[in-house]
Amino acid sequence: MNSSEPEYNSDFTQNAADKDEIHSDYRYTGDRQVIFVAGLGMVGIAFIEKILALDVQKKYFVVTCGEEQHFAYNRVGLTEYFEHRNIENLYLNPPSWYAAQQPEDFRYFLSETVTAVSPQDHIIHTSKGNTFKYDKCILATGSSAGLPPYISPEQAARTKGIFVYRNISDLDAIISYAEKGTVQKAIVVGGGLLGLEAAKAVYDMPSVPEVAIVHRGGHLLSRQVDSDAGEMILRQIQGMGVEVLTSCSPIGLLTRRAEDDPESEVFAGLELPDGGSIQASLVIYAIGIKPRDEIAKASGIECHSRGGIIVGDDLQTSANDVYAIGECASWKGNTYGLIGPGIEMADILSFNLTQTDSHAPRIMNAPDLSTKLKLMGIDVASFGDFFADMKSINAQIQVVSKVADKALPAVQITIDDTVQQAPTTKMHKSKSDGPIKCLVYNDPFGSTYKKYIFTADGKYLLGGQMIGDVGDYVKLVSIVKKKKALETPPSQLIIGSKKEDAGGDDLDDDAQVCSCHNVDKARIVKCVKEEGCTTMADVKAKTKAGTGCGGCIPLVTSIFNAEMRKAGHKVNNNLCPHFAMSRADLFAIIRVKKLQDFAQVMADSGQDKNSVGCEICKPAIASILSSLYNEHIMKPAHHQNQDTNDKYLANMQRNGTFSVIPRIAAGEVTPDGLIAIGKVAKKYGLYTKITGGQRIDMFGARKDDLPSIWEELNEAGFESGHAYGKSLRTVKSCVGTTWCRYGVGDSVGLAVQLENRYRGVRSPHKFKGGVSGCVRECAEAQGKDFGIIATDKGWNIFVGGNGGANPRHAELFAKDVPPTQVVRIIDRYLAYYIMTADRLQRTARWIEQMEGGIEKLRRVILQDELGICAELDAIMDNLVNTYQDEWAQVVKDPVKRKQFKQFANTDERRPQSEIITERGQQRPADWAKAYPPVKLTQDQFVTPKLDWQWMSLVEKANMMPTDAGTTSVAVKYGETQLAVFHVPKRGYFATQQMCPHRRAFVLDHGIVGESPKGELYVSCPLHKRNYKFDSGACLTDADYQILTFEARENPDNENEIQILLPPKDDIDAILGTEKWLVRQAQSEALGLNAATQVEIVANVTQEVGGTGCEGGGALAW
């Protein structure tokens, strides 16, 4: 596992001369090249993500050192930290991302600074005395905050109240100092982007009464906007009560002796050049940044005189195999303090290190310096060449010439059919007649300012500035980047009608939507159309749009919503054709009216009061009734509603047998318990496997063996694990403080408590839990429907996670919860989920689709916004207090045990498929990839129906018919298996037992349903093929049809059920068990699924370029 104190595998050795040495020499001994990334900031982690994603050939092993104790976080969002003060909210990737990286791909070290590089030896030296051997070194050391000439770093360190605004440590120091209660006024020196960010932060702090901004320029944001725009920003900031001094450069500090430390000084104000001063208690310097190039300088790597590590177009420094990216890099004499250019550098370098076998290397080009931010609550944007109009005439001509030659007028002279280009006509030196013109919109009432810069002919947009209304920013940036001629007059870009929530319809597909991560409109559209993204969280995870500065989120959301609307599907949340309402509405009706069984629910709320229902509404209502009353599901009124797994309290497998999973709470089991499970599995010939939920699954149990298996497990102390139900599966745990040296919480004890509390609780879908004893998160709690992680202050509760086909990371729901409150919070969360979720909706989708999302859920559960917490508590307490082991109830009840016979008319048993042995265990023969469609009809029998006989095959008592619901059994007739059904008020019906789709003898286990046309059918429990009782036609797949038979009570003996059948030999020739038994040889002849077997058929080691390699990892299958 990666951590700040990592463990190392055999490929990464730690050498020291003796155990007393404090430094180590880390040498990678694997066969990959080592990329060492110096710096774990925004650009460093961007490069790491990209190289890991692009390195499909597994060519590199990536190592990084970050000098801070934190994972890479969003520095653009530093000001938000003052609001939530939770560093994890700023993390670019959660800790679980680092933990999930394969140790052979990536390692990281926190709180460790790179101090030197030895380019000749390819060695890195760190602050902890460690050394690392590298093949490629990437310097991503960023920049540091600058200080004015009148204050040295040493003086700043010993003077209390002096701060810079650069990282989390700086912010923590500012917060700590400001909240002492002694700060009367704070000064921010610097009125640029960073200065206004810092000013907003201290302005929002209740402990700081006054704020002033001191800026040496003539107007604020002088590097982003002109004086008119700066004046508008100034007025708005002054309107907030902030004092602003422009054209002001302090020349010294005012200090006083610290009362608590005579050796220290306390900041008291600034000396101004006119001889005056400004008094204050705290100062933040935000006057610019300085590239951190000291490592490179000390290592002999060439640096620029103005600062920055000099790099070429390929981003390599003067040292071979050493590259620099981000704020520390100087390219063509320029350094860049924006995230966009740094991400672009990471893109280029990761591409060149992985993709150049079949593609030309990428080179660095002039980056886009467009920005859009909210500063002091004011939206500010600049794009393109936003100061083009301030340049000289000659410089303006150069700007225009890069856009389009046609933008500059020229004279063409034709002589003898030869076209010659004349010199450009002489232009006046007045800028008003120059090659550039501006269109300005200044609205002091709406606090909106726009200046767009065009070529003189108005055909090309060159750049611009925007204050207030920045809604068109993305569109304008795209126009400038593409050097696209305008299709409308320039004025329409400012005063043209604006469509409400246009959803980006006026954007080209390749318009850049997110500049931080270079995401265009087409990528967002693809997420919705092709990749199944249904939430903004999905889009962010796929594209990273909105995870940088966050300024693009409104537009990304608009595009996302527009594409979702274009899908054109109106969502119908009716439960099924029999109930014109959602599951949540039906739950409320059943709860309020205290309806007790399916018949009452149908009579009260169904579309047809006498309908039998269907395979959709029956299990849904069964779940609701169990959630409210917790009666045994084999009670006659409920048994008819259960899907096959619940019906027989075990998971049906593909050959009609069942799997048995006893509960092993939190994965904790004694040796005697393991032995008991082993004895049961051996006795009944069961295939055994450890599940992902820390328990043991036993496959291949015959239905008639289930009660006996449960009885023996009960005697050994086990009970039902409810793996068959839409209910709690497991609460996974690590060992926590029970054994682990890192544990800070008793994860096993809490997991056992929770699993035993929620065992058997029915819900809209299955749910799982996890408890980790520390932040190392070995129980994977953040991938569960509810997850709990121990902290030094209590437990953090996460909700809404799941794995499976559509995995979702859980969200932090409550932090540092006292142990005594954990269980009740989970109670309410689960009860609210049971009350309000849709049918078969996992908690992840439930939260995503909840109006207000997790914030609404917090208000309901933690703040009792709806006033229902007492009711939620009562629902869960009732479920806990009425729990019963469903297996034990069957074991003790002869009537219930009787229902597990394979055939109701004989004790004889028949195999359901051929059994084969693999890896020392028995399993059913494989299904073929596809079986030919089968339509069986009565005209295939030799005997005409007129000659068929009524055969008494089952005693009525064995059918256990009841007016409360349908019942069914299987019977044996000759070598044929038949299914017999009783439907209250409709009579008896019979069909073949075998579903032809997968040749499984399971139809007696299926739910009896009724179509909207009133047609009765049985739904195959495996894949929901629905076969009509009258004709055997399949309602859901026209390729299949089964044989059905008339059934009745014996007119001469009402205790017998009769079926009208042809002779045994005749029916066996069509339906005999041996004829349809799944056999391995036949399945192989028909063709198996491609994934059933994998065979490596060639050794792919080959010579490439004269050097032996592993062929890029490609295998011939």
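Student: Which residues have the most contacts inside the largest nonpolar core, and how many residues does that core have?

Tutor: In this predicted model, the largest nonpolar core has 145 residues. Those with the most contacts inside it are F47, L139, I233, I237, I325 and L461. Helix α1 (residues 42-54) gives the largest share of this core, 8 residues. Apart from it lies another core, of 75 residues, which includes Y684, Y724, L936 and A1047.

Student: What makes a set of residues a nonpolar core?

Tutor: The residues must be buried, come from the list Ala, Val, Leu, Ile, Met, Phe, Trp, Tyr and Cys, and be joined through side-chain atoms within 4.5 Å. In soluble globular proteins, nonpolar side chains tend to be buried together.

Student: Which residues is I237 in contact with, leaving aside its neighbours within four places in sequence?

Tutor: I237 is in contact with L196, I213, L220, V242, V244, M376 and I378. Of these contacts, L196 is also one of the buried residues of α6.

Student: Why is helix α6 called mostly covered?

Tutor: Buried means under 20% relative accessible area, and 8 of the 11 residues of α6 (residues 193-203) are buried. They are L193, G195, L196, E197, A198, A199, A201 and V202.

Student: Why are α24 and α27 called roughly perpendicular?

Tutor: The axes of α24 (residues 819-836) and α27 (residues 869-881) cross at roughly 90°. Angles of 65 to 115 degrees count as roughly perpendicular, and therefore α24 and α27 are roughly perpendicular to each other. Their axes come within 8 Å.

Student: Which residues meet where α24 and α27 are in contact?

Tutor: From α24 they are R824, D827, R828, L830, A831, Y832, I834 and M835. From α27 they are C869, E871, L872, D873, I875, M876, D877 and L879. The residues of this contact divide into 10 nonpolar, no polar and 6 charged.

Student: How do you know whether D873 is buried or exposed?

Tutor: The relative accessible area of D873 is 12%, and the cut-off for buried is under 20%, so D873 is buried. D873 lies in helix α27. Leaving aside its neighbours within four places in sequence, D873 is in contact with R824 and R828.

Student: What makes α16 and α24 roughly perpendicular?

Tutor: Their axes cross at roughly 100° and come within 7 Å. The range for roughly perpendicular is 65 to 115 degrees, so α16 is roughly perpendicular to α24. The contact is made by R583, A584, F587 and R591 of α16, and by I834, M835 and T836 of α24. These residues divide into 4 nonpolar, 1 polar and 2 charged.

Student: What is the phi of S111?

Tutor: S111 has a positive phi of about 55° although it is not a glycine. Most residues other than glycine have a negative phi. S111 is found in the loop between β5 (106-110) and β6 (114-118).

Student: Why does S111 count as partly exposed?

Tutor: Its relative accessibility is 35%. Partly exposed is what lies between the buried cut-off of 20% and the exposed cut-off of 50%, so S111 counts as partly exposed.

Student: Why does E780 count as partly exposed?

Tutor: At 44% relative accessibility, E780 counts as partly exposed. E780 lies in the loop between β38 (767-772) and β39 (786-791). Phi of E780 is near 55°, a positive value in a residue other than glycine.

Notes:
Residues numbered from 1 in each chain as written. Predicted model: local features only at pLDDT ≥ 70, side-chain atom pairs only at ≥ 80, totals over all residues. Heavy atoms only, no water. Axes fitted to C-alpha atoms, helices over the stretch in contact; angles between N-to-C directions. Helix = DSSP H or I, 4+ residues; strand = E, 2+ residues; numbered from the N terminus. Parallel < 35°, antiparallel > 145°, perpendicular 65-115°, else oblique. Contact = heavy atoms within 4.5 Å. Nonpolar A, V, L, I, M, F, W, Y, C, P; charged D, E, K, R; others polar. Buried < 20%, exposed > 50% of the residue type's maximum accessible area, 1.4 Å probe, protein only.
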